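Visitor: I am new to this structure and would like to be shown around. Please take it one point at a time.

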Amino acid sequence: SMQSLFVRACRVQRPERVRSMAFDVCQNTPGWAPSVGNRISPTITLQKARKFDEAVADKFKASTYDEIFKGKKVVLFAVPGAFTGVCEKAHVPSFSKNADAFKAKGIDSIICIAVNDAYVMNAWKNVLGANGSGIDFYGDHNAAFTKYMKQEANLAGAALGTRSQRYAAVIENGVIKVLQVEKAPTDLTVSDGDSVLKALK
Amino acid sequence: KVGSTLDGSAQVFQFVDGKTAAVRVDSIFSGKRCVVFAVPGAFTPTCSSKHLPGFVSLADDIKAAGADEIFCVSVNDPFVLRAWGEAHNVAGKVTMLADGGASLTGALGMLVDRSSNGMGMRSQRYAMVLDKTMKCETFVVDPSGAFGDTAAEKVLEFLRANPAA
């Protein structure tokens with residue numbers, strides 16, 4: 001049985017190995033998706049928004065789970081696309097205007113992700129200016145994180161291809177405490193800054 | 001490539017009445033002598049600092065030398081490409097064609113894997129001139145990382161040396 005497999009694994013494997021085995025099982029279970037109470041896999045990576053030249057200098061190094069989530073209280077929100085309407089005009093500003101309020105509740109960082117490359121995210125951050133202040137932007141360029149979270153959205157109809165659903169999460173030391181996903185990528189009712197602030201205890 | 005006719009059924013994305021739409025390239029290119037150049041990615045250095053700006057500043061000369069329209073193709077979505085174009089004041093000079101689904105890029109055999117650069121499947125850097133029947137008059141590719149043969153100045157030289165038939 002699965003349970004006895006894990007019991008035996010715990011006896012002979014290191015905890016990190018057991019955890020990653022558990023992730024593999026969960027990830028491959030149809031219908032399962034990371035949700036409140038689950039820990040984010042320590043193998044996830046994202047590309048920090050920066051200029052292409054900076055990426056060349058750091059050899060396109062990805063940011064790791066340890067750098068982003070370990071030991072931190074993180075608010076993460078995902079948008080379908082940089083430079084698109086709702087994302088730009090409403091979703092991002094709803095977090096930047098609440099940056100101080102989040103800090104007061106003990107949040108260490110607010111991060112915005114989208115299935116775009118890091119250089120597009122960087123350009124978008126610059127265009128957003130004050131509307132994006134207090135937010136760290138990351139590119140999930142190959143949708144690996146989005147697929148891990150089981151939050152892919154097929155937006156081929158909007159000329160965007162595979163993107164992320166619109167959602168927001170509060171993640172404490174890697175554990176999902178809050179996860180609010182919009183019913184449709186064009187909605188903005190539960191994943192905006194005010195809603196997430198309310199959800200924070 | 002030179003002498004062959006482009007497959008008009010390839011599609012790119014444009015904004016039509018403010019919404020994104022997939023458009024066949026024959027409806028865009030046919031009947032015009034077109035300069036088409038491609039970049040690996042919006043907001044990346046060479047593309048931004050040299051390739052696109054070169055065509056913007058020489059747009060009038062290129063049109064005076066016999067081109068009807070200049071197109072910039074990239075495997076990006078139309079929102080990103082529109083923002084990049086606006087940042088470079090392309091209005092009236094260069095038309096951006098978002099080949100988000102890599103349909104045109106694939107049809108030209110110009111798809112290349114840039115995952116190691118954090119970018120996924122992209123276009124190689126090329127420049128071509130299509131006559132009014134979408135037959136290819138010239139097709140030049142810059143090897144990865146290089147920039148030179150596909151520059152606006154080179155295209156202008158070709159047009160001046162090869163007036164329309």
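**A residue, a sheet and an interface**

Guide: B:T150 is buried, at a relative accessible area of 0% (buried is under 20%, exposed over 50%, partly exposed in between, with a 1.4 Å probe and protein chains only). This is a predicted model, in which local features need pLDDT of at least 70 and side-chain atom pairs count only at pLDDT 80 or more, while totals for chains, interfaces and linings use all residues. Residues are numbered from 1 along each chain as its sequence is written, chains are lettered from A and ligands numbered from 1 in the order in which they are written, and side-chain values use heavy atoms, leaving out hydrogens and water.

Visitor: With which side chain does the side chain of B:T150 make a polar contact?

Guide: B:T150 sits in the loop between β9 (136-142) and α6 (152-161) of chain B; helices (H or I, at least four residues) and strands (E, at least two) are DSSP runs numbered from the N terminus. Leaving aside residues up to four places away in sequence, B:T150 touches several residues, among them B:H51, B:F55 and B:R125 (contact means heavy atoms within 4.5 Å). A polar contact is a pair of N or O atoms within 3.5 Å; within protein, one must be able to donate a hydrogen and the other to accept it, and residues adjacent in sequence count only if both atoms are side-chain atoms. At 2.6 Å, the partner is B:D142.

Visitor: Which strands stand at the edges of the open sheet in chain A?

Guide: The sheet has seven strands with mixed pairing, in the order β2-β1-β5-β4-β3-β8-β9; two strands pair if DSSP finds at least two bridges between them. An edge strand has a single partner, so one of its sides is left without a neighbour in the sheet. In chain A these are β2 (63-64) and β9 (175-181).

Visitor: Which residue is the bridge partner of A:Q47 in β5(A)?

Guide: Strand β1 (residues 45-48) and strand β5 (residues 135-139) of chain A pair in the antiparallel sense, over two bridges. In β5(A), the partner of A:Q47 is A:G139.

Visitor: Is A:R50 buried or exposed?

Guide: A:R50 forms a salt bridge with A:D58, with 2.8 Å between the closest N and O atoms (a side-chain nitrogen of Lys or Arg within 4 Å of a carboxyl oxygen of Asp or Glu). A:D58 is partly exposed, at 29% relative accessibility. A:R50 has 8% relative accessibility and therefore counts as buried.

Visitor: How many residues apart in sequence are the parts tied together by B:D60 and B:K93?

Guide: The closest N and O atoms of this salt bridge are 3.6 Å apart. B:D60 is exposed at 52%, whereas B:K93 is partly exposed at 27%. B:D60 lies in helix α3 (residues 59-64) and B:K93 in the loop between α4 and β5 (95-98) of chain B, so the separation is 33 residues.

Visitor: How many salt bridges are counted between chain B and chain A?

Guide: In the interface, 18 residues of chain B are in contact with 17 residues of chain A. A:R163 meets B:D77 at 2.7 Å, N to O, and A:D117 pairs with B:R122 at 2.8 Å. A:R163 is buried at 6%, and B:D77 is buried at 4%. The count between the chains is two.
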